[in-house]
Amino acid sequence: MILTLKQNADPEEAKRELTRLGLWVTELQGAPAPQFVVHPHSRLVEKDDLLKIPAVASVAVNASKHPLLDNQPRTLKIGPTAIGAAVSPVLIAGPCSVESSEQIHSLAELLKPLGVTFLRGGAFKPRTSPYDFQGYREKALRWIRSAASAHGMGVVTEVLGAPEVELVAEFADLIQIGSRNMHNFALLQHVGKAGKPVLLKRGMAATVEEWFGAAEHCLANGVPAVVFCERGIRSFDPATRNVLDLGAVALLAHVHKLPVIVDPSHAAGRRDIIPALARGSLAAGAAGLMVEVHEDPGTALSDGPQALSIAEFRSVLTGQA
Ligand code: PEP
Ligand code: MN
């Protein structure tokens, strides 16, 4: 239940009274009027019992489990860039991993004129094997920040664990929560403290409602804005790395009016079908694309098979691929 207090009510006193009734009470940060989400944890409490409390103005039963997300503006401002269905699609591109200062600077120089507003690149990499390249960590953060700033772009990079949140927040404009961490609630709580917007990738086996729950964790802990990123979900078929769920994209964009971008690179796992998936994503309502691009995909330290060369990426944008 969501309970709205009267304007002149004392929230602390109201909280004590509700707790005495056996309710678990959480204040909704950022709500337009003082509001509490209340859950009866020990006995049933009826709406009428709550309305008898003098401080209570109204009670919404069967309320949404993600009220902050529901109130998030349809178009988000991430620095100077607007992201949402009503504005032109945002382009995020760059290598899977930031591999050197020279690499990321030359990619930034080539990507900026193509309309890319955010440079992406991993500094902390979530690799299946501990023997694979794990990322150049802080060095990579410095390289990508300097390359992006030199070309007037923003930085999207992943935070892998709570100890690195502050460091990543220092360099990123949009902090990526990777698919493997969507359910890591301790990390989502921690990322709120950084006060930076989040790009929330869908867990590879997460339902849409679980994805929304993860977004609500971010917002309830201080994240100012959440952009969703569909990157494919697990299926039985290894023909593509994941299954790009365009149904979920359409649902978020058209039914829930939420900003969702698509990462066709991790969905496909192979470069040949990325142009088709990119076009399909925009047709389904995606507010943008995040694509892995590498100057020489054959030598990439991670995810080479799905990386596009600059020429291939350019042809995705011109519709010639
Ligand atoms: C990435 O974007 O580099 C990445 C690791 O993606 P995901 O979390 O979707 O696998
Ligand atoms: Mn990758």
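How many disulfides does the structure hold? It holds zero disulfides, a disulfide being a pair of cysteine sulfur atoms within 2.5 Å.

This is a predicted model, in which local features need pLDDT of at least 70, side-chain atom pairs count only at pLDDT 80 or more, and totals for chains, interfaces and linings use all residues. Residues are numbered from 1 along each chain as its sequence is written, chains are lettered from A and ligands numbered from 1 in the order in which they are written, and side-chain values use heavy atoms, with hydrogens and water left out.

**Cysteines**

Take C218. The closest cysteine sulfur to that of C218 belongs to C229, and at 14 Å it is too far for a bond. C218 has 0% relative accessibility, so it counts as buried. C96 also counts as buried, at 5% relative accessibility. Buried means under 20% relative accessible area, exposed over 50%, and partly exposed in between (1.4 Å probe, protein chains only).

**Pockets**

A pocket is an open set of points on a 1 Å grid over the protein atoms alone, where a 1.4 Å probe fits and protein lies on both sides within 12 Å along at least five of seven lines; lining residues have an atom within 4 Å of a point. Grid points are joined across faces, edges and corners, and a volume is the space filled by probe spheres set on the points.

| Pocket | Volume | Nearest the centre |
|---|---|---|
| Largest | about 700 Å³ | V37, H39, K65, P67 and E216 |

The largest pocket is lined by 28 residues. Two or more of them come from each of β2 (23-27), β3 (35-40), α3 (67-70), α7 (185-192) and α8 (208-220). Helix α8 provides the largest share, six residues. Helices (H or I, at least four residues) and strands (E, at least two) are DSSP runs, numbered from the N terminus.

What is the make-up of the lining of the largest pocket? It divides into 14 nonpolar, 10 polar and four charged residues. Here Ala, Val, Leu, Ile, Met, Phe, Trp, Tyr, Cys and Pro count as nonpolar, Asp, Glu, Lys and Arg as charged, and the others, Gly among them, as polar.

Strand β9 (residues 154-158) gives the most, with three residues. This lining holds four nonpolar, nine polar and 12 charged residues.

**Backbone and single residues**

Most residues other than glycine have a negative phi. R137 is not a glycine, yet its phi is positive, about 50°. R137 lies in helix α5 (residues 137-150). Its relative accessibility is 45%, so R137 counts as partly exposed. K257, not a glycine either, has a positive phi of about 55°. K257 sits in the loop between α9 and β13 (260-262). At 37% relative accessibility, K257 counts as partly exposed.

D245 is in the loop between β12 (226-230) and α9 (246-255). Its side chain makes a polar contact with the side chain of R202, at 2.8 Å. A polar contact is a pair of N or O atoms within 3.5 Å; within protein, one must be able to donate a hydrogen and the other to accept it, and residues adjacent in sequence count only if both atoms are side-chain atoms. Leaving aside neighbours within four places in sequence, D245 is in contact (heavy atoms within 4.5 Å) with R202, E230 and I233.

E17 belongs to helix α1 (residues 11-20). Its relative accessible area is 26%, so E17 is partly exposed. Beyond neighbours within four places in sequence, E17 is in contact with I53 and P54.
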